[in-house]
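Subject: Structure handover and notes

Dear colleague,

Please find below the structure I promised to pass on to you. My notes on what was found in it follow directly after.

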Amino acid sequence: MQFENMNIINCSLNMVYPRKIRIGDNLSNYLQQQSLGLEDLYLPPQFLGVPNEIDPEVPRVVLDAINRHNQIAVSQVNSRLNCNFDFRYQGDISKSFNYTRQRAEVLQDLVKGGGIADVLYQGVTATVQFPQEAGDHEITSYLLERFNQKVRTEHQLNEYNQKITFIYNDEYYINLVIGNYRNFNFTNQHDSPLTASLAEAKLLDKGIFVSIDINNRYKFNRDGEASQKAIKDISDDLFNFTEEFLTQKVRKILEEGEISI
């Protein structure tokens, strides 16, 4: 297996806070009064007419990037930045994280403008892929041999997916998922993915993926209160840990089959 070529597919930042019933109204007023320069980066904000009493997790405000590479969604209880990378960024972890950090500053401004004083916890999630020339059986067999030798079957292993959760520094949860992936392009249109067949699909690529999710919810669960650290400082810590893990540790884990944080 090759682990030299690593593509970062996506990265996200999620913030959870006590319910703010009128966050949509707060942000409408904030964006009218402040000049954040968002018109160069985002399409006009979408203020969704959801009644305040409806599910607090439903977004009240959504901002889509002009280039469609990221989206910010704000609800009464959490705000999330999702970044998806194309070929210009996928091979450059540093460039991708710099882009995400810059857009995270927009999210942090919006959270502040929405009247959020305390963020209960935050999380950063990122997924990388290692494309492989080997066949599906060789890929899944490799993962099985490296990470779970006790599985024995006479049937062909089609998918391998393993999740492990660590408690780190008595403050963070770290969720690590390792598995195989396949990306298809379906040539014909279908009313539903349920009616599509792989016989008419083109295999774009396949390989091994790793997803890491680090968040400080463990500390919140333990203490029952928000961290005293500044919101941006926590975000920076999460981004720094994730970038370091992907650049310095993930290849060794896949090559040696020993998971260490």
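Which residues does Ile72 touch, once residues up to four places away in sequence are left out of the count? The model is a predicted one, and in it Ile72 touches Tyr42, Val61, Val62, Leu63, Arg80, Leu81, Arg103, Val106, Leu107 and Leu110.

As to the chain as a whole, it has 7 helices and 9 strands, and its C-alpha trace spans about 60 × 50 × 35 Å along the principal axes. Of its 261 residues, 44% count as buried. Among the contacts with a separation of 6 or more, 68% are accounted for by residues 24 or more positions apart.

Helix packing comes next, with H3 taking part in both of the pairs described here.

Helix H3, which covers residues 93-113, packs with helix H6, residues 231-248, at an angle of about 165°, and their axes are 11 Å apart. That angle makes H3 roughly antiparallel to H6, since angles over 145 degrees count as such. The crossing of H3 and H6 is right-handed. On the H3 side the contact is formed by Ile93, Ser94, Phe97, Thr100, Arg101, Ala104, Glu105 and Gln108, which meet Ile231, Lys232, Ser235, Phe239, Asn240, Thr242, Glu243, Leu246 and Thr247 in H6. Sorted by class, the residues of this contact divide into 6 nonpolar, 7 polar and 4 charged.

Helix H1, residues 23-33, packs with H3 at an angle of about 115°, with the axes of the two helices 8 Å apart. H1 and H3 are therefore roughly perpendicular to each other, as the range for that description runs from 65 to 115 degrees. Asn26, Leu27, Tyr30 and Leu31 of H1 make the contact together with Asp109, Leu110 and Gly113 of H3, and by class the contact of H1 with H3 has 4 nonpolar, 2 polar and 1 charged residues. Leu110, named here on the H3 side, is also one of the residues that Ile72 touches.

Arg68, which lies in the loop between strands E3 and E4 (70-74), has a positive phi of about 65° although it is not a glycine. Arg68 counts as exposed because its relative accessibility is 56%, and the cut-off for exposed is over 50%. Asp170, in the loop between strand E7 (161-168) and strand E8 (172-186), likewise has a positive phi, near 55°, in a residue other than glycine. With a relative accessible area of 42%, Asp170 is partly exposed.

Three further positions are listed here with their surroundings.

Ile54 lies in the loop between strand E2 (46-47) and strand E3 (61-64), and with a relative accessible area of 41% it is partly exposed. Leaving out residues up to four places away in sequence, Ile54 touches Arg19, Arg60 and Gln76. The C-alpha atoms of Ile54 and Ile21 are separated by 9.9 Å, while the two residues are 33 residues apart along the chain.

Arg251 has its place in helix H7, residues 250-256, and is partly exposed, with a relative accessible area of 25%. Its contacts, again not counting residues up to four places away in sequence, are with Phe3, Glu4, Met6, Phe130 and Leu246. Leu246 is also among the H6 residues that meet H3.

Ser141 is placed in helix H4, residues 136-147, and is partly exposed, at a relative accessible area of 27%. The C-alpha atoms of Ser141 and Val210 are separated by 16 Å, and these residues are 69 residues apart along the chain.

Definitions and conventions
Residues are numbered from 1 along each chain as its sequence is written. This is a predicted model: local features need pLDDT of at least 70, side-chain atom pairs count only at pLDDT 80 or more; totals for chains, interfaces and linings use all residues. Side-chain values use heavy atoms; hydrogens and water are left out. Axes are lines fitted to C-alpha atoms, for helices over the stretch in contact, and angles run from 0 to 180 degrees between N-to-C directions. Helices (H or I, at least four residues) and strands (E, at least two) are DSSP runs, numbered from the N terminus. Angles under 35 degrees count as roughly parallel, over 145 as roughly antiparallel, 65 to 115 as roughly perpendicular and the rest as oblique. A crossing is left-handed if the near helix is turned anticlockwise from the far one by less than a right angle, and right-handed if clockwise. Contact means heavy atoms within 4.5 Å. Ala, Val, Leu, Ile, Met, Phe, Trp, Tyr, Cys and Pro count as nonpolar, Asp, Glu, Lys and Arg as charged, and the others, Gly among them, as polar. Buried means under 20% relative accessible area, exposed over 50%, partly exposed in between (1.4 Å probe, protein chains only).
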